[in-house]
Amino acid sequence: MVVVSVLTGLAVAWLIAGLHWYLWRRLVRDTTRDGSRWRIPGGIVLGAGAIAMCGAFAVMFVEVDRADWRWLTWPGFLWAALFLYLLLGVLAGEVVRPLLLRGLVRRDAGTAAPAGGGETSAAAPGAVESGVTPQPVGAAVGESPGPGTPRPAHPGPAAPLGTDPGAAVSGEAPPPPVSRPLSRRLLVSRLAAGATVIAAGAIVGTGTYGVLNGPVVRRVTVPLAKLPAQAHGLRIALVSDLHLGPALGRGFCERVVRTVNDTRPDLIAVVGDLADGTVDDLRAETDPLAALTAPLGVYYVPGNHEYFADADAWLARAGELGMKVLLNDRVSLPDFDLAGVDDPRGTAIGRGPDFAAALDGRDTGRACVLLAHQPVVVHESVAYGVDLQLSGHTHGGQLWPGNLIARLPNPTVAGLELYGATALYVTRGAGAWGPPVRVAAPSDITVLELASLQGV
């Protein structure tokens, strides 16, 4: 097992190094001339970024205090996001660069002067090149100029051998050496690299601002046929995937809690992935969650990341914070049943979702809302007659094109969809895993307003 881990680590390291070399080749080497002083600094920047990125992700999987290592995780995670979009931009450039080159060649071919064409000047062919003033027609060599003819200036000292006689006569300094013009290939490489760097920086900067500015509040109405009329308009605030730890700390948690409480929900559902790390390391970061408040209570089910540390410790911590843990269990609220199941990750240690324990014996005439971290369990929810399943886990893909990858294992990546008679709602989550950056998948806290179909 150790050998496999070492070999995997070496393979990943070689892949990361190879991709960074590829970026250096396209963004640095191809945009500079041989011997340029910018090649070494460019390599240092890319190498430092690769090391910081590897270090940031290593912090997530070792037993250290996450807060003490944010000086490394922040630049490392930001570089990871920037690396992704630099790589995508360079790959796109592989298609764009040949097209630009071809266009420049055609443009230059269309504007080139035809060979051998045009009329010649009446002056002697060498007169202009040599700088010698042409003599009037008919003047003999050594003959004095006639009246009205300008007398030539007194000749100066003979010009040194190899210099332009005209420059010597006028007394002007020789022109400076002309710099080499950019080749078409170098020009196109610089244009493509510049566009890639600017676009990647803008994307990552905007995505980081979106996360740090806090999750937006989304409001969704969900009709439930079995919901009694007196419960029409009941509001559930859905919170998921805070991922407190390496990048997002106590201040971010306080902002999330304040946003949730400001929506004045009737019930708060927290569906897992509170943090990345142990309870002991992240106790201070999670303390603000104790301020969550709602008339019908705050309920919690674990996510897969709780199992990367100590799931039992996190379940106990949720209880300390005032949350009611629904681990394959349910409660009967005045107008509907609320159930919760364990995360599928728990099957690795003999646990996991148990729908029978959570739902057997309930009154099927009452509406049932189920909390489950991963949307993949929706098919079991359909089999057990659940009316509404609330999930997270996917982050909506977090970093485009991650949404395309997230569609492979998940039935729904984000939003509300129907599966038979069961409605599934998936939030993109309030935080971010790894890089505190989101692109085309804004973080959210969703307030679901339940609508009765039995009349108000």
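**Exercise 1.** How far apart do the end C-alpha atoms of residues 44–64 lie, and what percentage of the span is helix?

*Solution.* Start with the ground rules. This is a predicted model, where local features need pLDDT of at least 70, side-chain atom pairs count only at pLDDT 80 or more, and totals for chains, interfaces and linings use all residues. Residues are numbered from 1 along each chain as its sequence is written, and side-chain values use heavy atoms, leaving out hydrogens and water. Now the ends: they are 28 Å apart, and the span is 81% helix and 0% strand. (Helices are DSSP runs of H or I with at least four residues; strands are runs of E with at least two; both are numbered from the N terminus.) UniProt's unreviewed entry lists residues 44–64 under "transmembrane region", along with 6–24 and 76–96; such annotations may be inferred rather than shown by experiment.

**Exercise 2.** Describe how α2 and α3 pack.

*Solution.* First, take the geometry: α2 (residues 39–60) and α3 (residues 70–111) meet at about 115°, with axes 7 Å apart. (Axes are lines fitted to C-alpha atoms over the stretch in contact, and angles run from 0 to 180 degrees between N-to-C directions.) Next, find the contacts, meaning heavy atoms within 4.5 Å: Gly49 and Met53 are among those in α2, and Gly76 and Phe83 among those in α3.

**Exercise 3.** Which strands stand at the sheet edges?

*Solution.* Write down the order of the open six-stranded sheet, β6-β7-β8-β9-β11-β10. Pairing takes at least two DSSP bridges. β6 (329–332) and β10 (415–419) each have a single partner strand, so one side of each lacks a neighbour in the sheet.
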